[in-house]
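Grab a pencil and let's work through some charged pairs together. Try each task yourself before you read its solution.

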Amino acid sequence: MKTIFYIIACCFVSASVSSQFRTVRSDKPLLGKQQVGAHALPDNIEPISAPFPMPLPTKPVFPAYKLSITDVGAKPEVKATKNIQKTIDRVNKRGGGTVIIPAGKWNTGRITLKSNVNLHLEEGAELYIGGEIEDFLPAVFTRVEGIEVMSSGGFIYAHNAENIALTGKGKIIGPEMNAPVRTAANPPGVVETAIDQASSVKDRIYDGSKGRYFYKPKSVCLVGCKNILIEGITVERSVTWNITPIYCDNVIIRGITVNSVEIPTGDGIDIESSRNVLIEYSTLNNGDDCFTMKAGRDKDGIRVNRPTENIVVRYCLSEAGHGAITIGSETAGRIRNVYLHDCVFDGTDRGFRFKTRRPRGGGGENIYYERVLMNISRNAIEWDLLGSHTFVGELADRLPKRPVNELTPVFRNIYMRDVKINTREYFISAKCIPETPLTNVIIENMDITCGKLILMRDIKDFTIRNSTIRSKEQNMEILEGQNVIFDNVNFIYQE
């Protein structure tokens, strides 16, 4: 059965695209589920070989001093917030060391981690987080979907701390599903209209107290911190996003497990306006996106203007979630230099997901993905850059073209190779912004089995080479494509 191409206002040319991201095919085999994820965590961190300058993040080192929360009066299944916090404070004032959460069930409100402290959850330790508004008072400095506010922070929170860690084989378990922190009223509408971005951040108080609206706590929320290690822990039943470094530098996240499949906004790991981050050997099951890169939203994100950059994700497993790895949708400060390799996506909706909206600003560039095994249910590679009327009104309409300004996102320089894909929907779905087309994409050495082929709108310098595509539907639509090249691509009808 022949392939049918629907080409509308599209120009194909024979000249080669930029070779900036072209490399030779890797000889390494694709890894399977048994070789990636938290269960495969090795003791040591191997060197990083990224396609951009990237220092190897180093683990923080702590003094030998250790103090158990039971030494400061904590008792199992009794609210121990003050005891845990007193233990952290005491170790911090002594110059640093390790705070031990021993095996058992421990109840607590928000905990604030401080410099030179390793909060260690021993195997069998279960830290149950309270669900009352009072458990997250007073309000602390954080971001909500890319906009700065004073709000609940996280179950584990830190601000401007250095040399910190959250380690061990224990669990952090969020509040019950009917807890007030889940049901308290958020401000109406999307955050960029609900929050007065012209106001001072200290006046943007959303703590649920005295009749004020409330924004939900993340599981682990680290703001403005340096030299961070999160290793071995399991996080379950989040209220919203799980692991979220904001404005952080030198971050290692390895061997963690996240389970939040029943949480509509339960992202796994959100790297937000942070740099020099290594994520490895982690397993994510989420109600929203899994590994997610964000950099601020709308005018507030432009004001802050801090990128997410130098990110390596390797040897990880995504089993449930909307996007296995997602760039956006908060992109104001730009997301650049992201390298994911040797991962398995088995059961997520989408594989490589890119999101933004016309008012979000910034964009993404220098994104590299290679050696991935992908068995998913929806679009394998998706650019959703316009959004929906629900969130951005008429700006979700592709036409007319809008004037380019500081809030117009740009996506460019994206490279993918050595990926095996099995999906029921599109191999590629790219709905892009006509005034700033998706530019300079190279996809090569792909083995694809899909339900649908390709839908691309508003793209430029887009190459697919040395690939085999098996598809049930043989229609392809390319609208406003410039310099689109298929080089040694074998299309096969799949019954």
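**Exercise 1.** Find out how Glu46, Lys59, Glu231, Arg254, Glu280 and Arg314 are linked.

*Solution.* Start with the rule: a salt bridge is a side-chain nitrogen of Lys or Arg within 4 Å of a carboxyl oxygen of Asp or Glu. Now apply it: Glu46, Lys59, Glu231, Arg254, Glu280 and Arg314 are joined in a network of salt bridges. Across the model, this rule gives a count of 42 salt bridges.

A quick note on the ground rules: this is a predicted model, where local features need pLDDT of at least 70, side-chain atom pairs count only at pLDDT 80 or more, and totals for chains, interfaces and linings use all residues. Residues are numbered from 1 along each chain as its sequence is written, and side-chain values use heavy atoms, leaving out hydrogens and water.

**Exercise 2.** Work out which parts of the chain the pair Glu272 and Arg143 ties together.

*Solution.* First, check the distance: the closest N and O atoms of Glu272 and Arg143 are 3.2 Å apart, and the two form a salt bridge. (Strands are DSSP runs of E, at least two residues, numbered from the N terminus.)

**Exercise 3.** Is Glu272 buried or exposed?

*Solution.* Recall the cut-offs: buried means under 20% relative accessible area, exposed over 50%, partly exposed in between (1.4 Å probe, protein chains only). Glu272 has a relative accessible area of 0%, so Glu272 is buried.

Conventions: Helix = DSSP H or I, 4+ residues; strand = E, 2+ residues; numbered from the N terminus.
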